[in-house]
Amino acid sequence: MKIRMEWTYKTPKGAETIFRTDEMPAAQALMLAEDMERTGRTKSLVFLDNFDSSWTIKELKKYLKGIETEPHNVTVYFDGGYDRESSRAGLGCVIYYEQSGKSYRLRRNTSAVGLTSNNEAEYAALHLGLQELEILNVHHLPVRFIGDSQVVINHLSEEWPVVEKDLSSWADKIEKKIKDLGIQPEYELVQRKANAEADRLATQALNGIEIIATSEVIGDK
């Protein structure tokens, strides 16, 4: 969860002003807040999440303690590929998350039939990622969804209207799953080279190579 901080600073002579920060990870915000309170010059301090809901230090500590042993700080990369000659699709997703003080990467792909376009394959790949989140028991958390499909990202972020019936059906299915899981989605469009891992998984699925693997991530991914 990303947090903004607002606090009132008071000088020894009684002058006051309000400071506001940019978004930062909740754990970082808590660390800074505790350090500022030790100065004795913080008159009031509040945390604000993406929905402008306010949190106290006590509430934020409780939240961070509660999610420590559950998957959190979740990012999902997704990509889909479609072969017109065989009418087969390859779906790939990579999920990065933290749990119990460690970082993990889950890679998953599969082939699919019955789809009619690359755009459908992209939607299906995102849906595959959501199914994996459900298996991981990710719920009521913010999640970043990253892909190189302008259609999917702009549809789900409501930048573009969904006109095609088939794609509208996928968008509805995904939005329902997100709502059922209580996920707060954040969509990010990237260049294909920044989505290479999910793209490779989708291609492998088209070639008949299916992968399901979870590994610990040491250092930067």
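The model is predicted: local features need pLDDT of at least 70, side-chain atom pairs count only at pLDDT 80 or more, and totals for chains, interfaces and linings use all residues. Residues are numbered from 1 along each chain as its sequence is written, and side-chain values use heavy atoms, with hydrogens and water left out.

**The sheet**

Begin with the open sheet, in which 6 strands follow the order S10-S9-S6-S7-S8-S11 with mixed pairing. Helices (H or I, at least four residues) and strands (E, at least two) are DSSP runs, numbered from the N terminus; two strands pair if DSSP finds at least two bridges between them. Select S10 (184–189) and S11 (212–217) next: these are the edge strands, and each pairs on one side only. On average, neighbouring strands of this sheet are turned by 20° against each other, direction ignored.

Now select S7 (residues 88–99) and S8 (residues 102–113), which run antiparallel and are joined by 12 bridges. Within this pair, Tyr 96 has Arg 105 in S8 as its bridge partner.

**The largest pocket**

Select Asn 73, Val 74, Thr 75, Glu 98 and Arg 144, the closest to the centre of the largest pocket among its 23 lining residues. Strands S6, S7, S8, S9 (142–147) and S10 each give two or more residues to this lining. A pocket is an open set of points on a 1 Å grid over the protein atoms alone, where a 1.4 Å probe fits, with protein on both sides within 12 Å along at least five of seven lines; lining residues have an atom within 4 Å of a point.

Go to Glu 132 in helix H3 (residues 118–136). Leaving aside neighbours within four places in sequence, Glu 132 is in contact with Cys 93, Ile 95, Leu 106 and Arg 108.

How values were computed:
Axes fitted to C-alpha atoms, helices over the stretch in contact; angles between N-to-C directions. Contact = heavy atoms within 4.5 Å.
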